[in-house]
Amino acid sequence: MDVDAIVIGAGFAGLRALHTFREQGQSVVVLEAADGIGGVWYFNQYPGARCDVESFDYSYRFSPELEQEWRWSERYATQPEILRYINHVADRFDLRRDIELDTRVASARFDEASSRWRVTADDGRVWTARRVILAMGQLSAPKDTTYPGQESFAGQIIYSARWPKTEPDFAGKRVAIIGTGSSGVQMTPVIARKAAQLTVFQRTANYSIPAANAPVSDEEDQAVKAGYRQRRDSARNSPSGLGFVPDTRSAVDVPADEREAAYEAAWNRLGFGFALTFKDILLNQASNDTASEFIRRKIAAQVDDPALREKLIPKDFPFGTRRPSVDSGYFAAFNRDNVALVDISETPIEAFTPAGICTGGTEYPFDIIIYATGFDAFTGSLLKPEVIGRGGVSLREKWAAGPVSFLGIGVHGFPNLFIIVGPGSPSLLSNVLLSSEEQIDWLSELFAYCDAHGFDSIEATEQAERSWVAHVNDRAQETLYPKTPSYYLGAEMPNKPRVFMPYSGGVRGYRRILEKTAALGYEGLTLRMTEHRVDA
Ligand code: FAD
Ligand code: NAP
């Protein structure tokens, strides 16, 4: 089948790409490995899963009618509600007819003779197109963590990002959670209420801010809907796409009592936006210390047992340099009689046994073990298929020392191939949905411009790519992020290149660069008419 554009992935980004490019008059097909749409929100169906960007902001902006008709029930919607929303969007905009489910892309190869991409599924089906859009997610390749003896375990093993469709029955069960990132933090209090016994295996204690979740009242719903355009504009003009603009002062220049009051207010309402209380929390160590110390005190106040408290307080890295969690009762869950913590930085997991998990010579018996150990972030899903550009060079080879791109969108040597919210873009340092819509809108203008001018080949120049990678690194060096091993730096996987993955210059700064690039006639991209034009 030959189309104008093949979109790989039917998460938030792929669906928006389908809608927008189709509205533009392009023929589009979306290829999706799963048997349902929704990406992250299809796979991560664990108890307690919900967004940590407010739903009014973590939702599509492209349709004012959709904004008005959808009613969010909570400030931070649960995974089922988000998945309902995604399915509503698919029906409302008649997207399903162009989506091929159960279709895992095995390869995408650029054919220089025809200037077209040939995309092959793992069952051998083939599509061709002049454009390919990789909307394969930043967190869609879960780590397949295993421990010795795992196959002997007699109970059930579950990976949080491949949650079973039949909900496990936790009642009366002894449950283990391995991993205390956002997934582990979200599921802990919920499973604690259901299970007979819950043991959390923690390797690194992390900072977490209360979600301050609440039902959305009719008044709030009406107020947001009446001012939705301004709300979207505020989000686009805020550093992370959350709508908050930080206090423009340095945290250390503010009198201590005023700073404390600002943190207190942020703690009680802002969730993830706590990091934006002052302009330099993620830029200046002394400023960060004030925020980190505040959070440590807040965590301490939630945990009754002094020994447990010590283990749960993050110590060795600045707040925000690993993705902080936003929780609903995580720390307080450890005050329950049926919840225990094993610090595997002190006593690493040695092996699984038929009965459970062995650490430090002790065997803990379980009925269910949950891995909440995260993802091969940013590049995991992009590098799984064989993506071959000009001259037979693969994306894996090109990115062997870390991802390189122009604007996070285009890669030299890979004409007419575009990446949505991948490395080199604000991606996971932002409201990801907003960032994907920003890129898709920019791409649709680029495509319209090229079609109007008869350009059928779009490719990042080598020079533009080099400059962009240098700029991404320079911006990262201005921050505290490089101080801490995290998935922002590729530290979550052994043997992954240690380079800073996302763009830390903020969504507003990034958008301005996109706009400037367009205003300069797409400087940094080679736009040309090839001799192979089929429509010429
Ligand atoms: P995804 O939703 O990951 O979709 C990618 C799709 O591509 C998947 O369906 C996958 O199956 C498909 N795919 C991949 N490889 C192939 C292939 N080879 N062939 C065919 N199909 C393929 N971000 C926020 O901003 N706010 C939040 O509150 C938030 N909460 C999150 C909660 C969880 C539990 C997780 C895991 C992530 C969260 N994120 C959040 C980040 C999240 O990744 C993005 O917000 C967003 O959902 C990503 O959408 P996407 O379409 O880019 O990618
Ligand atoms: P994560 O943040 O990467 O956390 C993984 C956890 O597992 C960490 O505590 C890690 O410890 C631990 N771990 C990894 N490998 C391990 C091993 N072999 N043995 C023991 N422990 C191991 O993953 P995640 O919690 O799935 O979250 C990933 C991202 O998804 C988040 O950062 C966020 O962007 C998004 N997310 C958002 C929400 C939300 O609130 N909306 C919810 C879930 C996920 P170390 O830190 O020591 O490596």
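The lining of the second largest cavity splits into 7 nonpolar, 1 polar and 3 charged residues, where Ala, Val, Leu, Ile, Met, Phe, Trp, Tyr, Cys and Pro count as nonpolar, Asp, Glu, Lys and Arg as charged, and the others, Gly among them, as polar. The structure is a predicted model, in which local features need pLDDT of at least 70 and side-chain atom pairs count only at pLDDT 80 or more, while totals for chains, interfaces and linings use all residues. Residues are numbered from 1 along each chain as its sequence is written, chains are lettered from A and ligands numbered from 1 in the order in which they are written, and side-chain values use heavy atoms, with hydrogens and water left out.

That second largest cavity holds about 50 Å³. A cavity here is a set of points, on a 1 Å grid over the protein atoms alone, where a 1.4 Å probe fits but cannot get out; a pocket is an open set with protein on both sides within 12 Å along at least five of seven lines, and lining residues have an atom within 4 Å of a point. Points are joined across faces, edges and corners, and the volume is the space filled by probe spheres set on them. Around the second largest cavity sit Phe56, Ser59, Tyr60, Leu66, Glu67, Trp70, Trp72, Tyr85, Lys225, Tyr228 and Arg232. Two elements, α3 (64-69) and α7 (228-236), each give two or more residues to this lining; helices (H or I, at least four residues) and strands (E, at least two) are DSSP runs, numbered from the N terminus.

In total, there are 6 cavities of 30 Å³ or more. The largest cavity takes up about 70 Å³. It is lined by 15 residues, and Gly410, Phe418, Ile458, Ala460 and Leu525 are the closest to its centre. Two or more lining residues come from each of β18 (417-419), α13 (432-453) and β19 (457-460), with β19 giving the largest share, 3 residues. By class, the lining of the largest cavity has 12 nonpolar, 2 polar and 1 charged residues.

Now for the open spaces. The second largest pocket has a volume of about 730 Å³. Of its 33 lining residues, Pro239, Ser240, Leu276, Lys279 and Ser504 are the closest to the centre. Helix α15 (residues 507-519) supplies the largest share of this pocket's lining, 4 residues. The class count for the pocket is 18 nonpolar, 8 polar and 7 charged.

Helix α13 turns up again in helix packing. Its axis lies 10 Å from that of helix α1 (residues 12-23), at an angle of about 30°; axes are lines fitted to C-alpha atoms, for helices over the stretch in contact, and angles run from 0 to 180 degrees between N-to-C directions. So α1 is roughly parallel to α13, given that angles under 35 degrees count as roughly parallel, over 145 as roughly antiparallel, 65 to 115 as roughly perpendicular and the rest as oblique. From α1, Phe12, Ala13, Arg16, Ala17, Thr20 and Phe21 meet Leu433, Ser436, Glu437, Ile440, Asp441, Leu443, Ser444 and Phe447 of α13, contact meaning heavy atoms within 4.5 Å. This contact comprises 8 nonpolar, 3 polar and 3 charged residues.

Helix α8 (residues 256-269) and helix α9 (residues 285-302) have axes that come within 11 Å and cross at roughly 55°, so α8 is oblique to α9.
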